[in-house]
Amino acid sequence: VSHVQSLVTLTTDFGAGSFYVAAMKGVLLSGAPEARLIDLSHTIPPQDLRFTAFFLARCLPYFPTGSIHVVVVDPGVGTDRSILHIEAEGRHLIAPDNGCWCLAVEQWTDRPQVRRLTESTLWQPTVSATFHGRDIFAPVAVYLARGGAPEALGSPVTGWIRLALPAPTLGPDRLTGEVVFVDPFGNLLTNIPGEAFLAMTARDGRVRIGGTEVARVVRTYGEAEPGAVVALVSSSGCLEVAVTQGNAARTLAAGIGTAVEVVPLPARP
Amino acid sequence: VSHVQSLVTLTTDFGAGSFYVAAMKGVLLSGAPEARLIDLSHTIPPQDLRFTAFFLARCLPYFPTGSIHVVVVDPGVGTDRSILHIEAEGRHLIAPDNGCWCLAVEQWTDRPQVRRLTESTLWQPTVSATFHGRDIFAPVAVYLARGGAPEALGSPVTGWIRLALPAPTLGPDRLTGEVVFVDPFGNLLTNIPGEAFLAMTARDGRVRIGGTEVARVVRTYGEAEPGAVVALVSSSGCLEVAVTQGNAARTLAAGIGTAVEVVPLPARP
Amino acid sequence: VSHVQSLVTLTTDFGAGSFYVAAMKGVLLSGAPEARLIDLSHTIPPQDLRFTAFFLARCLPYFPTGSIHVVVVDPGVGTDRSILHIEAEGRHLIAPDNGCWCLAVEQWTDRPQVRRLTESTLWQPTVSATFHGRDIFAPVAVYLARGGAPEALGSPVTGWIRLALPAPTLGPDRLTGEVVFVDPFGNLLTNIPGEAFLAMTARDGRVRIGGTEVARVVRTYGEAEPGAVVALVSSSGCLEVAVTQGNAARTLAAGIGTAVEVVPLPARP
């Protein structure tokens, strides 16, 4: 049967090793003993929807068709916010209606099938007001992992909340954007596309972050001496600012929102 | 055979990503290659038995019959403390005789079957003095995962160590208790039952924590404005104090042991 | 088929819950849906090759024949450093040519079979300059997990980089070494063999760490009162300095590189 060994991934802000994650795993394995649980992250910064959006966009595309992705970053738990089931290119997501899932899904399609979870007979018999991960998300994942049809989950919806994500300004002579993600090494990922950055630096453009000019454009960290501040195209295709064998976020006192520019070489006096 | 795909959970204070956990996983998978390992937590605060008790009580009930739960929070490792096998409602626990497992098991039964592990032929050939997780707990879990009978592990015992856990005082006009657990969001879980709290606040009772009066009783975090200090029934059924979209432990400088009261509305002058 | 349920372990410095780990898991499960992924650690200190060497040496020996161990601690990513496939006693490792794997493999054999990965048709179609974990390591693990022959990965090599690891000096009257690893409890693991230490302390030798004399030699932590600084043979067979129910690294302000000696009892005046 196809539901044997369904793949269920978990992304939460519950904290590594928290009992909330453990309880969800118990519900999942009680209901779908053959499902394969894969931890993606439990260290999403609490209630940080933008971080979640970038996180999911950078990893979900690598998972196979049929995967079930459970996303519980849910500051509105227990209010009248909806919980959604999203189907896109054979992938399933279960996520709150807070926009955190859109960026990932847009990589597959502009027209996902989205349903609002309303069929409460599929949930835990008693639903708490504050832990829908255990009481709604996990039972719905069990239902899907066992081959249940999404149609029974609730009615299709055509509108949902989108996150306002910062957009770069890509002019012919100047690219302006900001840091949108800091990775665990302190590398600064920006919203400036890698190709635009490369095209401009090929014409002597310079990268500036905060007030600092980045000394070198490289292909990979190890091309510069330890401690050098470098600009490169990240593995996810955007302009990245890094410090070779160091931590750019700390060295440059930069973080999410720090302004980044690619500008022409200043005219010499 | 039923032992194929036995479910083995791991709860330790070894630290996420520590080589102690990795070595245990190696022993488990070498002996029971088909077992399914599920990490519950490796970030139990070092040697904190009370934390372990609350952690296990809040997640083990959701796991299915037949699960094997390995718990290595073991300040007495290598001394003459016993290691126990506990069977309750078809669940198996392997835990030190330090009381950390009792609260969870009491949710299933008052009369668990408890054995003291003595059959050393089932252990690693050489047992270190300081790492029984690898040398005793994991091999015994392998034995059970492969369908071994608990009777062979050692003799039944009828006495074991219990933790002294703080008990609330539930008077007709006043509930007195304390914070017993801080979750990863900084929410403060107390030992005051949710129903008693609701009954009293329905009659205009007020919640006080440390010296502070909690402004609002809510059903879920999102009912109050960001930053509000709120009281609610937690997803595990107790009185919880939280800060909407914030961290109550930090805001209130509160933690395990902080006094919590539900008291009558003060008489107006 | 034997590749069903291949065991693939992951050891990285990507950070627990980072999207780099999640993306690797996606590639692995897309290519080898039946593989069993086991997280060993994602909290290796960034780019710390020596830590990685000790970590792997302490846990890999417990894993079964046929295991595939993926190790991505790779400060040289994207430079001309090689990526190696190492086969030893039926175990497979995929690791950068930076020496981090040697200590573990030497426990099995002096003559591992080592290949340099060059067969790029087995990799992701496009290889980024900075994320070979996703683009090379994971696809090669998929190939092996599906039963692929190592011969196709690349040509054998007979030379590779070795780490300079600190060696102890073991004289007849004095053992001199250093702390080489700090575990999550703050216990200090040294490079002095446990047997040499026991032999000398049996003859009234004393242990000194930094400037401090260690009060007691014990078999296990719980033999001394809480707070005592003790010396013992660690579960991995070396001299360890610990504080009972405490954190020796903090108490002694010691860490990797701190000098440790076992010396004769001072002559009494």
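User: What makes both faces of strand 1 of chain B count as covered?

Analyst: The residues on each side are buried. On one side stand Leu7(B), Thr9(B) and Thr11(B), and on the other Val8(B), Leu10(B) and Thr12(B). Buried means under 20% relative accessible area, exposed means over 50%, and partly exposed lies in between (1.4 Å probe, protein chains only). Side chains in a regular strand alternate between the two faces of the sheet. This is a predicted model: local features need pLDDT of at least 70, side-chain atom pairs count only at pLDDT 80 or more, and totals for chains, interfaces and linings use all residues. Residues are numbered from 1 along each chain as its sequence is written, chains are lettered from A and ligands numbered from 1 in the order of writing, and side-chain values use heavy atoms, leaving out hydrogens and water.

User: Why is strand 1 of chain B called largely enclosed?

Analyst: Count its buried residues. They are 6 of the 6, so the rest of the structure largely encloses strand 1 of chain B.

User: How do you know which strand pairs with strand 1 of chain B in the parallel sense?

Analyst: Look at the bridges. Strands pair if DSSP finds at least two bridges between them. Strand 1 and strand 2 of chain B have 5, in the parallel sense. Thr9(B), for instance, stands opposite Ile38(B) in strand 2. Strands here are DSSP runs (E, at least two residues), helices are runs of H or I with at least four, and numbering starts at the N terminus.

User: Why do Ala253(B) and Gln47(C) get the accessibility labels they do?

Analyst: Ala253(B) has 70%, so it is exposed. Gln47(C) has 26%, so it is partly exposed. Ala253(B) has a positive phi of about 50 degrees although it is not a glycine. Gln47(C), also not a glycine, has a positive phi of about 65 degrees.

User: How do you know at what angle helix 1 and helix 4 of chain A pack?

Analyst: Axes are lines fitted to C-alpha atoms, for helices over the stretch in contact, and angles between N-to-C directions run from 0 to 180 degrees. These two axes make about 30 degrees and are 9 Å apart. The contact includes Ala23(A) and Met24(A) of helix 1 and Ala138(A) of helix 4.

User: What makes up the area buried between chain B and chain A?

Analyst: Buried area is the accessible area (1.4 Å probe) that two parts lose on being put together, summed over both. Here the value is about 2500 Å², with 60% from carbon and sulfur atoms. Tyr62(B), Phe185(B) and Ser235(B) supply 28% of what chain B buries against chain A, more than any other three residues.

Notes: Contact means heavy atoms within 4.5 Å.
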